[in-house]
Amino acid sequence: MLPFDIPSDQPVLIAGPTASGKSSLALEIARTGGGVIVNADALQVFANWRIVTARPSEEEEALAPHALYGHIPGDQAYSVGHWLRDVTPYLSGNLRPIIVGGTGLNLTALTEGLADIPLTPPDIRAECGAVIDAHGVQALLADLDTETLARIDTHNPARISRAWEVQRTTGRGLAEWQDNTPAPLLPLSNACPIVLNADRDWLRDRIERRFDLMIASGALDEARRNLSTWTPKDPSAKAIGAPELIAHLTGELSLAQAKARAIIASQQYAKRQRTWFRKRMHNWKAIPLPA
(Lines give C-alpha, C1' and ligand atoms only; values in the text may rest on other atoms or scores of the structure.)
Protein backbone atom coordinates (compact mmCIF):
# COMPACT_ATOMS: atom_id res chain seq x y z
CA MET A 1 0.00 0.00 0.00
CA LEU A 2 1.23 3.47 -0.87
CA PRO A 3 1.52 5.94 2.03
CA PHE A 4 -0.44 8.54 0.02
CA ASP A 5 -3.21 8.70 -2.56
CA ILE A 6 -2.44 8.99 -6.26
CA PRO A 7 -4.75 11.33 -8.20
CA SER A 8 -6.43 9.43 -11.02
CA ASP A 9 -6.25 12.40 -13.38
CA GLN A 10 -2.49 13.02 -13.17
CA PRO A 11 0.49 11.34 -14.84
CA VAL A 12 2.57 9.30 -12.40
CA LEU A 13 6.37 9.42 -12.31
CA ILE A 14 8.32 6.66 -10.55
CA ALA A 15 12.07 6.96 -9.95
CA GLY A 16 14.31 4.72 -7.91
CA PRO A 17 17.63 2.88 -7.95
CA THR A 18 18.11 -0.41 -9.73
CA ALA A 19 16.39 -3.42 -8.11
CA SER A 20 14.21 -1.24 -5.87
CA GLY A 21 10.88 -2.48 -7.29
CA LYS A 22 9.91 0.36 -9.63
CA SER A 23 8.36 -1.85 -12.30
CA SER A 24 6.28 -3.77 -9.74
CA LEU A 25 4.93 -0.53 -8.30
CA ALA A 26 4.10 0.78 -11.78
CA LEU A 27 2.24 -2.44 -12.58
CA GLU A 28 0.29 -2.24 -9.31
CA ILE A 29 -0.78 1.34 -10.07
CA ALA A 30 -1.74 0.47 -13.65
CA ARG A 31 -3.80 -2.56 -12.62
CA THR A 32 -5.65 -0.79 -9.81
CA GLY A 33 -6.02 2.69 -11.27
CA GLY A 34 -5.50 2.29 -15.01
CA GLY A 35 -2.87 3.75 -17.29
CA VAL A 36 -0.06 2.88 -19.66
CA ILE A 37 3.37 2.07 -18.21
CA VAL A 38 5.96 4.11 -20.12
CA ASN A 39 9.65 3.25 -19.85
CA ALA A 40 12.09 5.98 -18.78
CA ASP A 41 15.13 3.69 -18.40
CA ALA A 42 17.93 4.39 -20.85
CA LEU A 43 18.84 0.71 -21.31
CA GLN A 44 15.45 -1.00 -21.27
CA VAL A 45 14.75 0.63 -24.65
CA PHE A 46 17.09 -1.84 -26.39
CA ALA A 47 15.63 -4.88 -28.10
CA ASN A 48 18.54 -7.27 -27.59
CA TRP A 49 18.66 -7.34 -23.76
CA ARG A 50 15.46 -8.05 -21.86
CA ILE A 51 16.57 -10.18 -18.90
CA VAL A 52 19.86 -8.41 -18.20
CA THR A 53 18.22 -4.97 -18.22
CA ALA A 54 15.33 -6.23 -16.03
CA ARG A 55 12.68 -5.25 -18.55
CA PRO A 56 9.17 -6.39 -17.66
CA SER A 57 8.54 -9.96 -18.78
CA GLU A 58 6.08 -10.82 -21.52
CA GLU A 59 3.70 -12.06 -18.82
CA GLU A 60 3.92 -8.72 -16.98
CA GLU A 61 3.43 -6.77 -20.19
CA ALA A 62 0.23 -8.73 -20.79
CA LEU A 63 -1.24 -7.44 -17.50
CA ALA A 64 -1.21 -3.75 -18.51
CA PRO A 65 -0.28 -1.61 -21.51
CA HIS A 66 3.48 -0.97 -21.78
CA ALA A 67 5.34 1.42 -24.07
CA LEU A 68 8.93 2.30 -25.09
CA TYR A 69 10.40 -1.04 -24.02
CA GLY A 70 12.75 -2.90 -26.38
CA HIS A 71 11.92 -0.73 -29.38
CA ILE A 72 15.48 0.34 -30.31
CA PRO A 73 18.17 -1.85 -31.98
CA GLY A 74 21.11 -2.47 -29.68
CA ASP A 75 23.63 -0.74 -31.95
CA GLN A 76 21.59 2.46 -32.37
CA ALA A 77 22.31 5.60 -30.36
CA TYR A 78 19.40 6.76 -28.22
CA SER A 79 19.72 10.04 -26.35
CA VAL A 80 17.60 11.88 -23.81
CA GLY A 81 16.33 14.00 -26.69
CA HIS A 82 15.23 10.88 -28.56
CA TRP A 83 13.39 9.66 -25.48
CA LEU A 84 11.61 12.99 -24.97
CA ARG A 85 10.43 12.85 -28.57
CA ASP A 86 9.11 9.31 -28.12
CA VAL A 87 7.42 9.95 -24.77
CA THR A 88 5.57 13.09 -25.94
CA PRO A 89 2.55 11.33 -27.51
CA TYR A 90 1.85 9.48 -24.25
CA LEU A 91 1.52 12.74 -22.33
CA SER A 92 -1.73 13.57 -24.13
CA GLY A 93 -3.07 10.12 -24.97
CA ASN A 94 -6.27 8.45 -23.81
CA LEU A 95 -4.47 6.50 -21.05
CA ARG A 96 -2.85 8.11 -18.03
CA PRO A 97 0.96 7.64 -18.36
CA ILE A 98 2.85 5.92 -15.55
CA ILE A 99 6.42 6.84 -16.42
CA VAL A 100 8.97 4.67 -14.66
CA GLY A 101 12.74 4.31 -14.73
CA GLY A 102 16.03 4.66 -12.96
CA THR A 103 17.59 7.09 -15.45
CA GLY A 104 17.37 10.34 -13.52
CA LEU A 105 18.43 12.45 -16.48
CA ASN A 106 15.39 11.33 -18.50
CA LEU A 107 12.99 12.17 -15.69
CA THR A 108 14.51 15.54 -14.85
CA ALA A 109 14.64 16.48 -18.55
CA LEU A 110 10.94 15.66 -18.76
CA THR A 111 9.99 17.70 -15.69
CA GLU A 112 12.58 20.48 -15.82
CA GLY A 113 13.27 20.81 -19.56
CA LEU A 114 16.21 19.89 -21.76
CA ALA A 115 18.70 22.28 -23.29
CA ASP A 116 18.85 22.12 -27.09
CA ILE A 117 22.56 21.31 -27.29
CA PRO A 118 24.05 20.62 -30.74
CA LEU A 119 25.16 17.06 -31.46
CA THR A 120 28.80 16.21 -30.83
CA PRO A 121 30.73 15.78 -34.11
CA PRO A 122 32.46 12.41 -34.55
CA ASP A 123 35.94 13.97 -34.52
CA ILE A 124 35.37 15.59 -31.12
CA ARG A 125 33.95 12.36 -29.74
CA ALA A 126 37.07 10.60 -31.02
CA GLU A 127 39.25 13.29 -29.42
CA CYS A 128 37.48 12.75 -26.12
CA GLY A 129 38.08 9.02 -26.38
CA ALA A 130 41.75 9.58 -27.14
CA VAL A 131 42.20 11.75 -24.04
CA ILE A 132 40.52 9.09 -21.91
CA ASP A 133 42.65 6.31 -23.40
CA ALA A 134 45.85 8.28 -22.80
CA HIS A 135 45.20 9.89 -19.42
CA GLY A 136 41.94 8.56 -17.98
CA VAL A 137 38.50 10.15 -17.81
CA GLN A 138 39.44 12.33 -14.82
CA ALA A 139 41.85 14.26 -17.09
CA LEU A 140 38.81 15.80 -18.79
CA LEU A 141 37.81 17.61 -15.60
CA ALA A 142 40.63 20.14 -15.94
CA ASP A 143 38.98 21.59 -19.07
CA LEU A 144 35.52 22.10 -17.53
CA ASP A 145 34.25 25.40 -16.17
CA THR A 146 33.68 25.84 -12.45
CA GLU A 147 29.86 25.92 -12.61
CA THR A 148 29.66 22.74 -14.66
CA LEU A 149 32.06 20.99 -12.27
CA ALA A 150 29.79 21.93 -9.39
CA ARG A 151 26.74 20.38 -11.06
CA ILE A 152 27.84 17.12 -12.62
CA ASP A 153 28.67 13.83 -10.92
CA THR A 154 32.46 13.93 -11.18
CA HIS A 155 32.66 10.19 -10.49
CA ASN A 156 30.44 9.30 -13.47
CA PRO A 157 32.54 8.81 -16.64
CA ALA A 158 29.55 9.28 -18.96
CA ARG A 159 28.59 12.62 -17.36
CA ILE A 160 32.19 13.85 -17.44
CA SER A 161 32.60 12.92 -21.11
CA ARG A 162 29.29 14.54 -22.02
CA ALA A 163 30.21 17.81 -20.30
CA TRP A 164 33.63 17.86 -21.99
CA GLU A 165 32.16 17.17 -25.43
CA VAL A 166 29.55 19.93 -25.03
CA GLN A 167 32.18 22.48 -24.04
CA ARG A 168 34.55 21.39 -26.79
CA THR A 169 31.79 21.41 -29.42
CA THR A 170 30.01 24.66 -28.54
CA GLY A 171 32.53 26.73 -26.62
CA ARG A 172 29.95 27.01 -23.83
CA GLY A 173 29.83 25.05 -20.60
CA LEU A 174 27.10 22.51 -19.95
CA ALA A 175 25.89 24.60 -16.99
CA GLU A 176 25.35 27.61 -19.25
CA TRP A 177 23.29 25.51 -21.65
CA GLN A 178 21.24 24.19 -18.75
CA ASP A 179 20.55 27.71 -17.53
CA ASN A 180 18.93 28.49 -20.90
CA THR A 181 16.68 25.46 -20.90
CA PRO A 182 13.19 25.69 -22.49
CA ALA A 183 9.99 24.90 -20.58
CA PRO A 184 9.51 21.23 -19.59
CA LEU A 185 7.10 18.90 -21.37
CA LEU A 186 5.61 17.82 -18.04
CA PRO A 187 6.07 20.27 -15.14
CA LEU A 188 6.42 18.52 -11.82
CA SER A 189 3.34 20.34 -10.51
CA ASN A 190 1.21 18.58 -13.15
CA ALA A 191 2.25 15.07 -12.11
CA CYS A 192 2.44 12.75 -9.12
CA PRO A 193 6.20 12.22 -8.71
CA ILE A 194 7.37 9.26 -6.59
CA VAL A 195 10.94 8.36 -5.71
CA LEU A 196 11.79 5.07 -3.99
CA ASN A 197 14.25 5.85 -1.22
CA ALA A 198 15.98 2.52 -0.72
CA ASP A 199 18.14 1.66 2.27
CA ARG A 200 21.66 0.86 1.08
CA ASP A 201 22.08 -2.52 2.76
CA TRP A 202 18.55 -3.65 1.86
CA LEU A 203 19.25 -2.72 -1.76
CA ARG A 204 22.62 -4.51 -1.84
CA ASP A 205 20.91 -7.75 -0.85
CA ARG A 206 18.23 -7.31 -3.52
CA ILE A 207 20.86 -6.65 -6.20
CA GLU A 208 22.68 -9.87 -5.30
CA ARG A 209 19.49 -11.94 -5.34
CA ARG A 210 18.31 -10.39 -8.58
CA PHE A 211 21.41 -11.45 -10.50
CA ASP A 212 20.84 -15.05 -9.42
CA LEU A 213 17.25 -14.72 -10.63
CA MET A 214 18.47 -13.34 -13.95
CA ILE A 215 20.71 -16.37 -14.45
CA ALA A 216 17.86 -18.70 -13.53
CA SER A 217 15.59 -16.86 -15.99
CA GLY A 218 17.94 -17.36 -18.94
CA ALA A 219 20.41 -14.46 -18.87
CA LEU A 220 23.21 -16.73 -20.12
CA ASP A 221 21.12 -17.81 -23.10
CA GLU A 222 20.37 -14.15 -23.80
CA ALA A 223 24.09 -13.41 -23.73
CA ARG A 224 24.74 -16.30 -26.14
CA ARG A 225 22.24 -14.80 -28.57
CA ASN A 226 24.17 -11.53 -28.43
CA LEU A 227 27.64 -13.09 -28.64
CA SER A 228 28.01 -13.17 -32.43
CA THR A 229 27.18 -9.47 -32.81
CA TRP A 230 28.76 -8.25 -29.56
CA THR A 231 30.52 -4.90 -29.85
CA PRO A 232 31.63 -3.27 -26.59
CA LYS A 233 31.04 0.23 -28.00
CA ASP A 234 27.38 -0.40 -28.87
CA PRO A 235 24.98 1.68 -26.75
CA SER A 236 23.28 -1.46 -25.43
CA ALA A 237 26.64 -2.86 -24.26
CA LYS A 238 26.40 -0.51 -21.27
CA ALA A 239 23.79 -2.83 -19.74
CA ILE A 240 25.23 -3.98 -16.41
CA GLY A 241 25.83 -7.70 -16.58
CA ALA A 242 26.14 -7.82 -20.35
CA PRO A 243 29.95 -7.34 -20.59
CA GLU A 244 30.46 -9.68 -17.66
CA LEU A 245 28.37 -12.52 -19.14
CA ILE A 246 29.96 -12.08 -22.56
CA ALA A 247 33.39 -12.31 -20.89
CA HIS A 248 32.28 -15.56 -19.25
CA LEU A 249 31.13 -17.00 -22.57
CA THR A 250 34.44 -16.12 -24.23
CA GLY A 251 36.38 -17.81 -21.44
CA GLU A 252 37.78 -14.65 -19.83
CA LEU A 253 35.83 -15.04 -16.57
CA SER A 254 34.28 -17.87 -14.63
CA LEU A 255 30.57 -17.56 -14.00
CA ALA A 256 31.31 -16.79 -10.35
CA GLN A 257 33.69 -14.00 -11.37
CA ALA A 258 31.18 -12.60 -13.87
CA LYS A 259 28.50 -12.62 -11.20
CA ALA A 260 30.73 -10.87 -8.66
CA ARG A 261 31.75 -8.15 -11.11
CA ALA A 262 28.19 -7.55 -12.29
CA ILE A 263 26.94 -7.25 -8.71
CA ILE A 264 29.67 -4.74 -7.84
CA ALA A 265 28.88 -2.71 -10.97
CA SER A 266 25.17 -2.73 -10.09
CA GLN A 267 25.88 -1.61 -6.53
CA GLN A 268 28.10 1.21 -7.77
CA TYR A 269 25.40 2.27 -10.22
CA ALA A 270 22.78 2.22 -7.46
CA LYS A 271 24.99 4.49 -5.36
CA ARG A 272 25.21 7.01 -8.22
CA GLN A 273 21.45 6.83 -8.71
CA ARG A 274 20.73 7.42 -5.02
CA THR A 275 23.06 10.44 -5.09
CA TRP A 276 21.26 11.86 -8.14
CA PHE A 277 17.83 11.38 -6.61
CA ARG A 278 18.93 12.95 -3.33
CA LYS A 279 20.27 16.04 -5.12
CA ARG A 280 17.69 16.47 -7.86
CA MET A 281 14.46 14.92 -6.58
CA HIS A 282 14.00 16.36 -3.10
CA ASN A 283 10.59 17.73 -4.19
CA TRP A 284 9.33 14.25 -5.13
CA LYS A 285 7.19 12.12 -2.81
CA ALA A 286 9.61 9.71 -1.18
CA ILE A 287 8.72 6.14 -0.25
CA PRO A 288 11.28 4.67 2.17
CA LEU A 289 12.31 1.06 1.51
CA PRO A 290 11.98 -1.28 3.19
CA ALA A 291 8.62 0.09 4.30
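Analyst: Buried means under 20% relative accessible area, exposed over 50%, and partly exposed in between, with a 1.4 Å probe and protein chains only. The model is predicted, so that local features need pLDDT of at least 70 and side-chain atom pairs count only at pLDDT 80 or more, while totals for chains, interfaces and linings use all residues. Residues are numbered from 1 along each chain as its sequence is written, and side-chain values use heavy atoms, with hydrogens and water left out.

User: Is Trp49 buried or exposed, and what is its relative accessible area?

Analyst: Trp49 lies in the loop between strand 2 (36–39) and helix 2 (58–61), where helices (H or I, at least four residues) and strands (E, at least two) are DSSP runs numbered from the N terminus. Trp49 counts as buried, because its relative accessible area is 1%.

User: Which kind of aromatic pair do Trp49 and Trp230 form?

Analyst: Rings of Phe, Tyr and Trp (its six-membered ring) pair if their centres lie within 6.5 Å, and planes under 30 degrees apart count as stacked, over 60 as edge-to-face and the rest as tilted. The structure holds one aromatic pair. The ring centres of Trp49 and Trp230 are 6.5 Å apart and the planes stand at 85°, so the pair is edge-to-face.

User: Which residues does Trp230 contact, leaving aside neighbours within four places in sequence?

Analyst: Trp230 sits in the loop between helix 10 and helix 11 and is partly exposed, with a relative accessible area of 23%. Contact means heavy atoms within 4.5 Å. With neighbours within four places in sequence set aside, Trp230 is in contact with Trp49, Ala237, Ala242, Pro243 and Ile246.

User: How are helix 11 and helix 12 oriented to each other?

Analyst: Axes are lines fitted to C-alpha atoms, for helices over the stretch in contact, and angles run from 0 to 180 degrees between N-to-C directions; under 35 degrees counts as roughly parallel, over 145 as roughly antiparallel, 65 to 115 as roughly perpendicular and the rest as oblique. The axes of helix 11 (residues 242–249) and helix 12 (residues 255–280) come within 8 Å and cross at roughly 170°. That crossing makes helix 11, relative to helix 12, roughly antiparallel.

User: What is the order of the strands in the open sheet?

Analyst: Two strands pair if DSSP finds at least two bridges between them. Strand 5 (residues 192–198) is joined in parallel to strand 1 (residues 12–15) by four bridges and to strand 6 (residues 285–289) by five bridges. The edge strands are strand 3 (66–67) and strand 6, each of which pairs on one side only. The open sheet of six strands, with parallel pairing, has the order 3-2-4-1-5-6.

User: How many of the residues of strand 5 are buried?

Analyst: Within strand 5, Cys192 stands opposite Val12, and Asn197 stands opposite Pro288 in strand 6. Strand 5 is mostly covered, and of its seven residues the number buried is six.

User: Which residues does Leu25 touch, not counting those up to four places away in sequence?

Analyst: Leu25 lies in helix 1, and helix 1 (residues 22–33) lies across strands that include strand 1 and strand 5, running at about 170° to strand 4. Leu25 counts as buried, at 10% relative accessibility, and its C-alpha atom is separated by 8.3 Å from that of Ile14, 11 residues away along the chain. Not counting residues up to four places away in sequence, Leu25 touches Leu2, Ile14, Ile194, Leu196 and Ile287.
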